[in-house]
Amino acid sequence: MTSARTSRRDFLVGSAAAAAAARFAHPGLAASPMLRRPSANGRLRIGAIGCGGKGLSDIEACAKNHDIVALCDVDQGKARQVREQHPKAAFYEDWRDMLDVEKLDALTVSTPDHLHAGPALAAMARGIHVFVQKPLSHTVEEARLMLQAARKTKVITSMGNQGTCMDGFRTATECVRAGILGTVTEVHVWTDRPIWPQGIGRPKHVDAIPATFRWDLWLGPAAWRPYAAGRKDGDFKGYAPFQWRAWWDFGTGALGDMACHVANLPFYALELDAPTLVEAVADGGNDETAPKRSTITFQFPTRGARGPVKMVWYDGGDLPPTTLLPGVTWRSGGFLLVGSKGILYSPTDYGERFDLYDKDGKPLQYETPQPTLPRVTGIHDEWLQGILDNKQPMANFEYAAPFTEAMLLGNLALRTGERIEWDAAAMKVTNSATAQALIGKAYRRGFELTKV
């Protein structure tokens with residue numbers, strides 16, 4: 001950070017001190033929603049929380065036609081490349097400072113799962129349009145709060161599950177909704193995750209925090225724990241920048257990482273909503289990390305003209321029975337929709353490629369239906385154009401929040417080992433107080449959620 005940048009930031013933060021002090025004096029206090037309006041030249045002022053990995057690609061996509069004016073990351077090393085690409089953008093380590101100081105039209109949130117809801121809710125309360133990476137939230141309760149905030153503030157929202165915007169995804173959805181498969185009663189979804197250690201305990205060693213890394217801000221709302229780096233001679237490979245997905249305090253395991261991709265097309269095409277029952281069989285889980293492998297069954301009730309649907313999730317090497325589609329070898333990730341007239345199989349995470357088969361496993365002869373869904377150039381473009389046109393993209397929170405909530409119920413079954421009986425209207429697990437306690441979480445002081 002240059003001295004000029006330091007001076008500018010100090011001046012701006014100083015001018016916002018009263019607002020910041022008020023926030024900490026009154027945890028959860030919301031700013032009045034004031035929907036941001038794009039500038040006359042149609043270029044949006046965008047801030048980004050998370051600058052490495054997925055954050056970098058989110059920033060690059062938004063920067064094609066708009067202005068990146070503020071960057072935030074707790075790891076100066078991870079932020080170096082994007083800071084060099086956008087030298088005029090103000091840089092922050094604490095997202096709370098950035099939102100207090102900067103006048104933004106839109107915000108991308110590309111952080112570990114436990115840090116999604118905090119900045120997203122704070123931004124929406126300020127009338128800032130938000131793009132949040134998948135899964136939308138860390139907990140079921142957060143998903144519900146983010147949906148309520150989106151409805152109240154009317155900002156343009158999107159979750160970052162990019163398959164939603166691919167032509168093949170939308171064509172497959174049109175095929176399903178046109179009845180080509182007949183009545184779909186069964187879905188199977190699988191992934192090659194986890195590709196990081198799961199089923200491990202907390203490390204016993206403690207390491208010095210790197211000088212360029214703000215461990216306290218990385219922990220954010222999570223309970224304090226000592227920093228520990230990975231070890232080559234053991235299962236523990238560190239918390240950041242990637243292995244956090246295994247840890248319940250920070251991530252949501254294989255299910256949270258991939259369900260919003262692989263289960264996306266089945267959920268969207270079949271217009272699923274809240275499951276009523278969820279059961280799981282797992283191997284190697286504990287109170288610290290997700291299991292090494294799992295199979296989770298979701299039961300979705302009748303909705304409108306659609307009958308009940310069973311969805312089965314597999315990870316850690318588990319796969320659906322080969323008898324479902326004889327002669328077809330499963331790829332490492334994909335999904336099946338099993339209907340009364342045919343089966344849709346996608347060998348990809350996003351569903352942009354798919355084949356239709358009859359009940360005997362032979363290619364199904366069909367006519368591609370006329371398009372009913374719009375075609376777009378990408379998930380970021382659809383969100384950004386939606387801000388300019390005041391039009392919600394397909395992956396908006398009205399869809400993404402209930403979808404995320406439904407998938408995260410699977411983690412309640414994994415963590416408790418119990419059958420989950422879910423009353424969505426009451427947001428309650430009716431048969432387990434243990435599981436009910438896990439629909440939300442505690443927040444470390446200073447990181448409480450903004451009330452919108």
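Strands here are DSSP runs of type E with at least two residues, numbered from the N terminus. Valine 184 sits in one of these, strand 7, which covers residues 184-190. Keep in mind that this is a predicted model.

**Around valine 184**

Is valine 184 buried or exposed? With a relative accessibility of 7%, valine 184 counts as buried, because the cut-off for buried is under 20%. Leaving aside residues up to four places away in sequence, valine 184 touches Leu270, Pro308, Val309, Leu337, Val338 and Gly339. Serine 340 is another residue to look at here: 156 residues separate it from valine 184 in sequence, yet their C-alpha atoms are 6.4 Å apart.

**The whole chain**

Zooming out, the protein has 14 helices and 15 strands. How does its radius of gyration fit the rule for a compact globule, and what is the value? For 452 residues the rule gives a value near 22 Å, and the protein has 22 Å, so the two agree. Contacts between residues 24 or more positions apart make up 68% of those with a separation of 6 or more. Here are some other whole-protein values:

| Property of the protein | Value |
|---|---|
| Box filled by C-alpha atoms, along the principal axes | roughly 70 × 55 × 40 Å |
| Buried share of the 452 residues | 57% |
| Accessible surface | about 18900 Å² |
| Share of that surface from carbon and sulfur atoms | 51% |
| Distance between mean positions of the 52 positive and 49 negative charges | 4 Å |

In soluble globular proteins, nonpolar side chains tend to be buried together. In this model, the largest nonpolar core has 86 residues, and Leu107 and Met407 touch the most other members. Helix 13 (residues 397-416) supplies the largest share of this core, with twelve residues. Which residues does methionine 407 touch, if those up to four places away in sequence are skipped? They are Leu255, Ala259, Ala263, Phe267, Phe298, Phe300 and Met311. There's also a second, separate core of 22 residues, with Ala48, Leu71, Ala106 and Leu384 among them.

**Helix 3 and its neighbors**

Helix 3 spans residues 54-62, and its buried residues include Gly55, Leu56, Asp58, Ile59, Ala61 and Cys62. What do the buried residues of helix 3 pack against? On the strand side, the partners are strand 1 (45-49), strand 2 (67-72), strand 4 (106-109) and strand 5 (129-133). Helix 4 (76-85) and helix 12 (379-389) are the helical partners.

Key: Residues are numbered from 1 along each chain as its sequence is written. This is a predicted model: local features need pLDDT of at least 70, side-chain atom pairs count only at pLDDT 80 or more; totals for chains, interfaces and linings use all residues. Side-chain values use heavy atoms; hydrogens and water are left out. Helices (H or I, at least four residues) and strands (E, at least two) are DSSP runs, numbered from the N terminus. The radius of gyration is taken over C-alpha atoms; the globule rule is 2.2 Å times the number of residues to the power 0.38. Buried means under 20% relative accessible area, exposed over 50%, partly exposed in between (1.4 Å probe, protein chains only). Contact means heavy atoms within 4.5 Å. Accessible areas come from the Shrake-Rupley method with a 1.4 Å probe; for residues, only the protein chains shown count as cover. Lys and Arg count as positive and Asp and Glu as negative; His and the chain ends are not counted. The place of a charge is taken as NZ of Lys, CZ of Arg, CG of Asp or CD of Glu. A nonpolar core is a set of buried Ala, Val, Leu, Ile, Met, Phe, Trp, Tyr and Cys residues joined through side-chain atoms within 4.5 Å.
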